[in-house]
Amino acid sequence: MTKLDFEKLFMKRLGAIKPGLGRMKSASEVMGNPSQNAHNILVGGTNGKGGCSAFLWSLLATRRVGLFTSPHLVSFTERMQVSGENIDELQLSEVHEQLQTKLGDGYEDLSFFEVATLMAYQLFHQKNCQFNVMEVGLGGRWDCTNIVEPEASIICSISRDHEQFLGSDLKGILQEKLGICRPHVPLFWGASGEVLESQEALDYLEEHTKEKNIPLHSWGVNFGIDGDRFFCGNKADEESYSTFPKILDTAPSFIRRNFVMAVACYDYLSKRHGLQHWKTRIQGFPYADIQAPNSLVGRFQRVTLDDKYVIFDVCHNPDGMRQLSQNIKAKEANAKTAIISILRDKKFDEILDIAKQCFSKIYLFAIEHDRGFGKGDLASRHHDLEFFEDFDASWTRVKQDKGTEPLVICGSVMAVGKVFEQFNLDPKQYSCQDVLQGTWP
């Protein structure tokens, strides 16, 4: 067996976007449609889908469950998890070789995202997964995960991102995201993000779900947060309410929201498959026999580095930076300094506008990648910010500052991942407590 050349696989990203699902469906048929024997849940949206997927995977893990998320921080193997197993490079190399052998010349026509998604479906099939929790990538309608007939769909939030592909019209973005829904299959709707600014988009959601016979389960109606508690079911019924697991006491609001959405979907699935009642299931969270989902790492994660208290956050779009800023203030984290790196194809000037309202000191750093931003990319209003050619230089500058208050390292997943690598932090080695409560004393 030839070991998977991850760098060569990543090179397929140069042809990243290939519209349509024809290639993916054909390749899946050649592989024997490996996704068909599992109950598939598609989790989409702009922000929150990684966290929601992670919680749902954990809740379902009394059965055999696969989790597919993207992107990764440090290792490609983070993208695929199976309850009860550690997925390593050797296993993924075997799956990749199977794809190449069976698909033959057809393999070359597939994009990186198509190959990665097929690998996930094939791996989960071989591991006898009963459920597949699949985080949707760009959009929804043409996303590689969308070749299945899902048992449930989740859309966490809708905001502007990837505008070069999805446009800036919120109704249009919503239409693309709704492509993961099916008639008579419930949609769990997070009612969050910039979409709340567009009544036209919200009206379309109501009309579309009614016209297509998509049962709509909405935040604030069928599930939601009420003070220190949350509800799942009839909002007027006291039996629908519960307190959060203690580990989420200090978690930011967006993580608690993602947890509630996952519980709502789990509730639906538990009734169909004879699983524990959701109130019983959450009592043991986090579960000692289940590793932390990789897609929770780097989301308002508190870590000590070189005697500095750090909050990592992959807030790679304006709405993500808003969420981070709001939670810095709400949690009284007292973080006044941020080290930020953003990809060139993101709305970095708008992200920095929001960051300036939260942080009194902002240091920017570049990464070695063709998508990394440079000082010359910034609008003139941000030329006052100190810009460093790599993270090392920005970290040296920060360590010169006096004070013990926390600081934030944030921006693109790629940039945060490079910082993890620099400090030899392995996302696959964290427990749920490490991720959700942090490692500060």
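Visitor: Is Thr-145 buried or exposed?
Guide: First, this is a predicted model, where local features need pLDDT of at least 70 and side-chain atom pairs count only at pLDDT 80 or more, while totals for chains, interfaces and linings use all residues. Thr-145 has a relative accessible area of 1%, so it is buried.

Visitor: Which residue's side chain does the side chain of Thr-145 contact?
Guide: A polar contact here is a pair of N or O atoms within 3.5 Å; within protein, one must be able to donate a hydrogen and the other to accept it, and residues adjacent in sequence count only if both atoms are side-chain atoms. At 2.6 Å, the side chain of Thr-145 has such a contact with that of Asp-143.

Visitor: And Asn-317: which backbone nitrogen does its side chain reach?
Guide: Asn-317 is in the loop between β12 (308–313) and α11 (318–330). With 1% relative accessibility, Asn-317 counts as buried. Its side chain comes to 2.8 Å from the backbone nitrogen of Gly-320.

Visitor: Which strands are at the edges of the open sheet of three strands?
Guide: The order in that sheet is β8-β9-β10, with antiparallel pairing.

Visitor: How many bridges link β8 and β9?
Guide: Two strands pair if DSSP finds at least two bridges between them. In this hairpin there are two residues between the strands, and Gly-227 has a positive phi near 70 degrees. Asp-226 is bridged to Arg-229 in β9. Over the antiparallel pair, the bridges number four.

Visitor: What is the bridge partner of Phe-231 in β10?
Guide: Strand β9 covers residues 229–232 and runs antiparallel to β10, with three bridges joining them. For Phe-231, the partner in β10 is Tyr-241.

Visitor: Which residue in the turn between β11 and β12 has a phi of about 50 degrees?
Guide: These two strands run antiparallel and share six bridges, with Arg-302 bridged to Ile-311 in β12. Five of the seven residues of β11 are buried, so the strand is largely enclosed by the rest of the structure. The hairpin leaves two residues between the strands, and the turn residue with that positive phi is Asp-306.

Visitor: Is Asp-307 buried or exposed?
Guide: Asp-307 also lies in the loop between β11 and β12. It takes a positive phi of about 65 degrees although it is not a glycine; most residues other than glycine have a negative phi. At a relative accessible area of 75%, Asp-307 is exposed.

Visitor: What is the phi of Ala-191?
Guide: Ala-191 is in the loop between β6 (187–189) and α8 (199–211), and at 21% relative accessibility it counts as partly exposed. Its phi is positive, in a residue other than glycine, with a value near 45 degrees.

Visitor: What is omega for the peptide bond from Phe-285 to Pro-286?
Guide: Most peptide bonds are trans. Pro-286 is in the loop between α10 (278–282) and β11 (299–305). The bond from Phe-285 to Pro-286 is cis, with omega near 0 degrees.

Visitor: How many charged residues line the largest cavity?
Guide: On a 1 Å grid over the protein atoms alone, a cavity is a set of points where a 1.4 Å probe fits but cannot get out, and lining residues have an atom within 4 Å of a point. The lining includes Ser-70, Pro-71, Glu-135 and Arg-299. Asp, Glu, Lys and Arg count as charged; Ala, Val, Leu, Ile, Met, Phe, Trp, Tyr, Cys and Pro as nonpolar; the others, Gly among them, as polar. The lining has three nonpolar residues, five polar ones and, for charged, four.

Methods:
Residues are numbered from 1 along each chain as its sequence is written. Side-chain values use heavy atoms; hydrogens and water are left out. Buried means under 20% relative accessible area, exposed over 50%, partly exposed in between (1.4 Å probe, protein chains only). On a 1 Å grid over the protein atoms alone, a cavity is a set of points where a 1.4 Å probe fits but cannot get out, and a pocket is an open set with protein on both sides within 12 Å along at least five of seven lines; lining residues have an atom within 4 Å of a point.
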